[in-house]
Each structure stands twice: as C-alpha cells, then as structure tokens.
Amino acid sequence: MKAIDARTRVSLKNILFATDYSPAANAALPYVIGIARRYGSTVYAVHVRTPEVYGTALPESWPILAEAAEKLGQEEATGLRKRLGDIPHDVLIGEGDVWGVISRVIKERDIDLVVVGTRGRTGIGKVLLGSVAEAIFRQSPCPVLTVGPRAPEDAERLLEMKEILHATDFSLACQAATPYAISLAQENQARLTLLHVIEKPVAGDLVQPADYIEATLRRLREMVPPEAEMWCEPEVQVEQGAPAEKILEVAERRHADLIVLGMRRTEAPIGVATHLARATAHKIVSHAACPVLTVRG
C-alpha cells in the first residue's frame with residue numbers, strides 16, 4: 001500500500017475478501033460490499049482449498065473428494081457472485097497454503113485492503129484466530145479489516161461510521177496507521193479519538209505523573225496536523241493499564257464503529273511496542289464490538 005499523508009483520502013481501489021464460505025466469512029461480506037460501493041472498489045474474493053479437504057481418507061478416494069470439493073466450491077462461488085451483484089469482482093480459487101495464495105493475490109492485483117471474518121468457531125473463523133491470523137496481521141503489506149465475533153452483523157453501522165478509535169504508542173508502526181485513521185474520519189465526518197495506554201509507570205521517572213500525562217495529551221493532539229479537514233476537534237485520551245483491556249474498554253464506552261491499530265513488522269524485535277504485540281492485537285480483534293483495521297508499519 002502506498003504511503004499517504006493526513007491530507008490524502010484513503011483510496012481502496014482493490015479489495016481482497018478472504019472466504020471459505022463459512023458463516024464467519026459471510027458475516028464479513030456485507031462490509032466488503034458496503035466499502036466497495038462507497039469507494040468504487042473492485043473485489044477479489046479468494047477461496048483457498050487446503051489439504052485438510054482430504055482429512056484421513058485413503059489416497060484412492062482423493063480424486064472423488066477433490067471433485068466433490070470442486071463442485072461445492074463452484075456452487076458457493078456462483079452464490080457469492082450473485083451477492084456481489086453489479087460490484088466489479090472476480091472470484092479466485094486456489095489450493096495449498098492460505099497465506100501463500102493470499103500474499104500472491106495481494107501482489108498480483110495491487111490490493112489496497114484485505115477483509116476477513118472471524119465470527120464463529122469453525123472454518124476461517126477458527127483458522128484466523130491462529131497462525132493464519134498472525135500471518136495476515138504481521139505480514140500483509142496492506143491494511144487488514146477484521147470483522148470479529150462481536151462485530152455487528154448489519155454493515156450499515158460501518159457505513160455510517162461516526163466513531164473511530166485510534167490507539168497509538170507513538171511507534172513507527174502506529175505512525176503508519178495514523179493517516180488511515182485521520183483520512184477515514186475525514187471521509188466519514190466521524191469523531192476521532194486518539195488513545196495512548198501507559199502500561200506501567202516507570203520507576204524513578206523524573207517527570208511527575210501529571211506532567212507526563214499532559215505531555216502525552218499534547219503529543220496526541222499534535223498527531224493531527226492543522227491542515228487536516230476534520231469536521232470536529234479530535235479527542236485525546238490517556239489510560240493506564242493493560243493495552244488490550246483499555247483499548248477495548250474505551251472502544252466500548254465510546255461506541256466505536258472502528259478501531260485502528262498499527263502492527264509491528266515481522267522482523268521487528270519482540271517486545272518493541274506495547275499496543276502492537278501479537279497477543280494484544282489478537283485479543284482486540286477477538287473481543288472488539290466493531291471491526292478492527294490493522295496497518296503494518
């Protein structure tokens with residue numbers, strides 16, 4: 001994804017929708033359709049058949065199972081095309097490693113946004129809360145919108161986005177996510193809240209707690225440049241505690257329609273940032289009552 005600054009609107013020309021046709025994926029589809037209509041996007045729905053389709057069956061039965069999976073996949077793809085309707089789209093079916101196929105499509109189709117659903121306990125909902133989720137969060141070169149188990153089923157809430165929460169620890173990863181939070185707030189005339197969570201007080205810190213908090217609030221305010229076309233003054237907030245719990249708490253209290261997070265690059269040392277740890281992002285995505293946009297910095 002190309003870098004953007006605070007004065008540039010988000011461009012979502014190409015959206016990748018990862019689907020296994022499960023209820024989890026179906027829950028995310030309305031968001032895909034709504035975003036595509038708003039931004040005039042082309043949707044690439046990607047379904048990956050993994051080796052698990054054969055289960056513990058004997059090798060001699062694999063051709064029959066493969067043929068059945070192919071037939072079912074084509075039927076599901078036809079239904080998906082009908083739901084996408086007049087939105088420019090293509091349904092792509094691959095085999096093998098899920099992330100391998102998704103990463104290839106991201107490069108080949110110049111994808112601007114990946115959308116995945118994690119509702120439920122089976123299919124992609126289960127997979128994406130494990131290794132595949134980490135692969136997408138930590139390796140996707142473009143932003144990822146995750147529709148988690150508690151996100152509203154009615155995508156109209158997202159399309160009427162009024163409350164955006166951007167949690168930041170001022171790291172480079174979060175700096176990559178900030179322009180998206182600002183631009184989406186501009187695009188949707190949404191209220192933007194900038195949040196920083198202090199995980200632990202620093203022993204022997206020379207700065208008084210009140211002074212440190214005030215300096216942090218000032219730093220949050222400075223994240224939004226004067227030329228940003230905001231319809232209302234962004235709110236800034238500092239909390240102390242466990243990052244995931246506090247981010248979720250503030251999102252719930254403010255009835256956030258979207259949470260925007262920066263994600264540390266794969267090669268970054270473990271423990272570099274508080275808000276960006278895998279466990280933190282995993283917990284936020286799993287428990288947020290709204291979709292979560294993660295941007296890898």
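Guide:

Strand S4, residues 113-117, is mostly covered, with five of its five residues buried (buried means under 20% relative accessible area, exposed over 50%, partly exposed in between, using a 1.4 Å probe and protein chains only). Strands here are DSSP E runs of at least two residues and helices are H or I runs of at least four, numbered from the N terminus. This is a predicted model, in which local features need pLDDT of at least 70 and side-chain atom pairs count only at pLDDT 80 or more, while totals for chains, interfaces and linings use all residues. Residues are numbered from 1 along each chain as its sequence is written, and side-chain values use heavy atoms, leaving out hydrogens and water.

Leu113, Val115 and Gly117 point one way from S4, Val114 and Val116 point the other way, and all are buried. S4 pairs with strand S1 (residues 14-18) in the parallel sense over three bridges; two strands pair if DSSP finds at least two bridges between them. Leu113 in S4 is the bridge partner of Ile15. Strand S5, residues 144-147, also runs parallel to S4, joined by four bridges, and there Thr146 is the bridge partner of Val116.

Now to helix H3, residues 98-108: its buried residues include Trp99, Val101, Ile102 and Val105. Asp110, with a positive phi near 50 degrees, follows H3.

The protein chain has a mean of 79, and 73% of its residues reach 70 or more. Over residues 120-130, pLDDT stays under 50, and the model has 24 contacts beyond four places in sequence for them (contact means heavy atoms within 4.5 Å).

Methods. pLDDT is the predictor's confidence in each residue, from 0 to 100.
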